[in-house]
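Colleague: I would like to learn how to read cores and salt bridges in a model. Please take me through one.

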Amino acid sequence: MKLVVQVKLLPTPMQAAALETTLRACNEAATWVSEIAFERGEFKSFSLRKHTYEQIKVRWGLGAQAAQHAIKKTCDAYTTLTANLRAGNYGRPGSKRYRRAAGKPLAFRSEGGQPYDDRMLSWQIAERTVSIWTTVGRTKQVAFTASPEQLATLTLYRRGESDLLYRDGMWFLMATCEVPEAEPNANPVDFLGIDLGVVNIATTSDGQIMAGRALNRVRVRERGLRQKLQKKNTPSARRRLKKRRRKEARRAKDINHKIAKHLVAEAERTGRGIALEDLTGIRERVRLRKAQRATLHSWAFHQLGEFIAYKARRAGVPVVHVDPAYTSRTCAECGHIDKANRVSQARFACRSCGFVDHADRNGSRNIRARARELWRRGAQSTAPAVPRPRSAAGRKRSITASGARCASPGL
């Protein structure tokens, strides 16, 4: 499996100036290629090369490999745009947002990332330096810093391209590594059901609750501070906003990494698989008051699911995604489904058998039961497929990549 190792570069002022000049030239060339591609309607690398390759080398002074990467980067960006348009991420065809996205050529930021292959970049991991191509010549002995684990991964598994990136006044290299996966557990003894939520980030079927109070308090505080600084709109306020940007996202990412690591380790230790809900499209399905929308849209459930999935692949732990319908209203003891069963956010009380439990734990037990049923019917460890459009007949069950339907109460 592919992993990305991020290392921080420590260039001298002269080296940093060479890197900045190179990054600006590559992105200006990519923007020009984008305009040519949009004008001609050609978005394939081979076709664009005929019209742009020589001019890029002459006009911006790029080497052969850098020119090829600028063209390929443009083609990849249009491929991504087309996929987003087809998936409806920019609204329906003809909408204002859709026309704004599709009606003009793509432009690249002057500080956007640039891919480097082994002809343009060489690593001296023992010395913690890299030799990197720039428009002013080969820049050697550019120092970098990394943890011992990152150095070991780079030494053993680095393969393919690395991306040069400038962010918040710092230089980074994102190196692609081909890390071997563990032998998958084909016969898990059970599944660890995980209920994802806003109030409680994750609740397991074992009863463990990873509360989100601290993270939610930080989000509310950061949101209020952003509003005050935006309203003030002075030079110092704008500098403060720039300094604090992505701070909330970094904190949430760190917490999600820790939770995912703990959950996968617990499943691996007990010989179980992991059961998650397929929450694709939940933001479009749920309708909330304006005051609640920011909380919903800052919920990083997809990121946590991705972290769990890739860590589970490395450990050989199977992951199954199930249909989330009625998991919060179904009694884990008798199977009775009733909206009134969910007394409050934290309390579940079955109207049929009288079973009482924490609402999120009850939901995680239902997720575990559905995963067991799905695995018994031959589903594979896989992430959920892209959801299909709803038919006129009503809500469509989600389909896994293996073709097996997600287990739901009606089965």
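Modeller: We take the cores, then the salt bridges. This is a predicted model: local features need pLDDT of at least 70, side-chain atom pairs count only at pLDDT 80 or more, and totals for chains, interfaces and linings use all residues. Residues are numbered from 1 along each chain as its sequence is written, and side-chain values use heavy atoms, without hydrogens and water.

Colleague: Which residues have the most contacts inside the largest nonpolar core?

Modeller: In soluble globular proteins, nonpolar side chains tend to be buried together. A nonpolar core is a set of buried Ala, Val, Leu, Ile, Met, Phe, Trp, Tyr and Cys residues joined through side-chain atoms within 4.5 Å. Buried means under 20% relative accessible area, exposed over 50%, partly exposed in between (1.4 Å probe, protein chains only). Here the largest core has 48 residues, and L9, L62, W123 and L164 have the most contacts inside it. Another core, of 27 residues, lies apart from it and includes I194 and V264.

Colleague: How many salt bridges are found in the whole structure?

Modeller: A salt bridge puts a side-chain nitrogen of Lys or Arg within 4 Å of a carboxyl oxygen of Asp or Glu. The search finds 19. One joins R313 and E181, at 2.4 Å from N to O. R313 is partly exposed at 43%, and E181 likewise counts as partly exposed, at 42%.

Colleague: Which partners does E222 have?

Modeller: E222 bridges to R221 at 3.8 Å and to R244 at 2.4 Å. E222 is buried at 5%. R244 is buried at 16%, whereas R221 is exposed at 55%.
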